[in-house]
Amino acid sequence: MVFAAVRWIKLVIQRRTITISALFKNDENISWRANMNRKKKINETLKKRMKKANAKLHKSNKPRYISKAERAKLEAEAALQEAQAAEAATTPSETETMSTETSVS
């Protein structure tokens with residue numbers, strides 16, 4: 001009887017269409033209280049699984065946490081890129097220096 005009940009529980013979890021009362025239709029050997037406790041436990045398990053499935057469907061829009069060290073590293077990289085961009089803008093390029101040297105000579 002126990003094996004049959006476990007098999008039916010697996011079916012319920014997979015399909016979620018069989019009612020809990022259908023699980024215990026042929027199980028007269030178990031007392032009423034134990035039967036109700038089993039039903040309650042199965043219902044709780046099914047509710048937990050459904051809740052987890054729904055939670056997976058609704059992802060949070062909260063941004064991913066970035067550690068302090070990672071933020072410092074990103075800021076350093078950004079500062080380095082800004083410095084390189086500023087340096088490239090202020091120093092004349094090789095073609096400009098060559099053209100001014102030829103015109104001076």
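These questions and answers cover a predicted model of one protein chain.

Reader: Why is Lys 52 called exposed?
Author: Its relative accessible area is 61%. Exposed means over 50%. Therefore Lys 52 counts as exposed.

Reader: Where does Lys 52 lie?
Author: Lys 52 sits in helix α3, which covers residues 32-57.

Reader: What makes a patch of positive charge on the surface?
Author: Lys 48, Arg 49, Lys 52, Lys 56 and Lys 59 gather there. Lys and Arg count as positive. Patch residues need over 30% relative accessible area. Lys 52 has 61%, so Lys 52 passes that cut-off.

Reader: How many helices and strands does the chain have?
Author: The count is five helices and zero strands. Along the sequence, the pattern reads α-α-α-α-α.

Reader: What share of the residues is buried?
Author: Buried residues make up 10% of the 105 in the chain. Buried means under 20% relative accessible area.

Reader: How confident is the predictor, and which elements have the lowest and highest mean pLDDT?
Author: The chain averages a pLDDT of 77, and 58% of the residues score at least 70. Helix α2 (residues 20-23) has the lowest mean, 55. Helix α4 (residues 68-90) has the highest, 94.

Note on methods: Residues are numbered from 1 along each chain as its sequence is written. This is a predicted model: local features need pLDDT of at least 70, side-chain atom pairs count only at pLDDT 80 or more; totals for chains, interfaces and linings use all residues. Side-chain values use heavy atoms; hydrogens and water are left out. Patches are made of residues with over 30% relative accessible area and no salt bridge: like charges are joined within 9 Å, nonpolar side chains (Val, Leu, Ile, Met, Phe, Trp, Tyr) within 5 Å. Accessible areas come from the Shrake-Rupley method with a 1.4 Å probe; for residues, only the protein chains shown count as cover. A salt bridge is a side-chain nitrogen of Lys or Arg within 4 Å of a carboxyl oxygen of Asp or Glu. The place of a charge is taken as NZ of Lys, CZ of Arg, CG of Asp or CD of Glu. Helices (H or I, at least four residues) and strands (E, at least two) are DSSP runs, numbered from the N terminus. Buried means under 20% relative accessible area, exposed over 50%, partly exposed in between (1.4 Å probe, protein chains only). pLDDT is the predictor's confidence in each residue, from 0 to 100.
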